[in-house]
Amino acid sequence: QVQLVESGGGLVQAGGSLRLSCVTSGRTFSSYAMAWFRQAPGKEREFVAASAVTWSGDNTVYADSVKGRFTISRDNAKNTVYLQMNSLKPEDTAVYYCATATDSGFRSRSYLYHHNNYAYWGQGTQVTVSS
């Protein structure tokens, strides 16, 4: 059984930082793309960042709204994906979810952006940024 457990959310002032973690069990972590999505009240779930499986080169993609402020990374030895969030803004307030791709191996950028391509999700962690 595949399980994802997020941690690290909380309340922070605008301009502050948080680091989210997501531990995965039940599948070969290194074989699957991992991603972070978020959902604010009354809004649809949106893509934040993904860490892809590639042979070489840059394997991360970001939403334009977080590019330059957020960094996704993964530790395959610990089956963990991280989201370092800096320069947080009130509009970053949302429940953040980690997810693991349905299909193993290399996936295109267009694949990574769509939540329908992720089979397993964590329970979510709340991030609140005060102004």
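In the predicted model, Thr80 is in contact with Ser21, Cys22, Val23, Phe29, Ser73, Arg74 and Asp75, leaving aside residues up to four places away in sequence. Thr80 belongs to strand β8, which spans residues 80-85. Its relative accessibility is 6%, and Thr80 is therefore classed as buried, the limit for this class being under 20%. A polar atom of the Thr80 side chain lies 2.7 Å from the backbone oxygen of Lys78.

Thr100 counts as buried because its relative accessibility is 1%. The side chains of Thr100 and Arg27 form a polar contact at 2.8 Å. Arg27 is also among the residues that Thr100 touches when those up to four places away in sequence are not counted; the others are Val2, Leu4, Tyr32, Ala33, Met34, Tyr118, Ala119 and Tyr120.

Strand β9, residues 94-104, runs antiparallel to β11 and is joined to β11 by three bridges. Within this pairing, Tyr96 is opposite Thr125 of β11. Strand β11 also pairs with strand β2 (residues 10-13), here in the parallel sense and over four bridges. Val12 has Val129 of β11 as its bridge partner.

The two faces of strand β11, residues 125-130, can be told apart by their cover. Thr125, Val127 and Val129 make up the covered face, whereas Gln126, Thr128 and Ser130 make up the uncovered one. In a regular strand, side chains alternate between the two faces of the sheet.

Key. Residues numbered from 1 in each chain as written. Predicted model: local features only at pLDDT ≥ 70, side-chain atom pairs only at ≥ 80, totals over all residues. Heavy atoms only, no water. Buried < 20%, exposed > 50% of the residue type's maximum accessible area, 1.4 Å probe, protein only. Polar contact = N/O pair within 3.5 Å; in protein donor to acceptor, adjacent residues only side chain to side chain. Contact = heavy atoms within 4.5 Å. Pairing = 2+ DSSP bridges.
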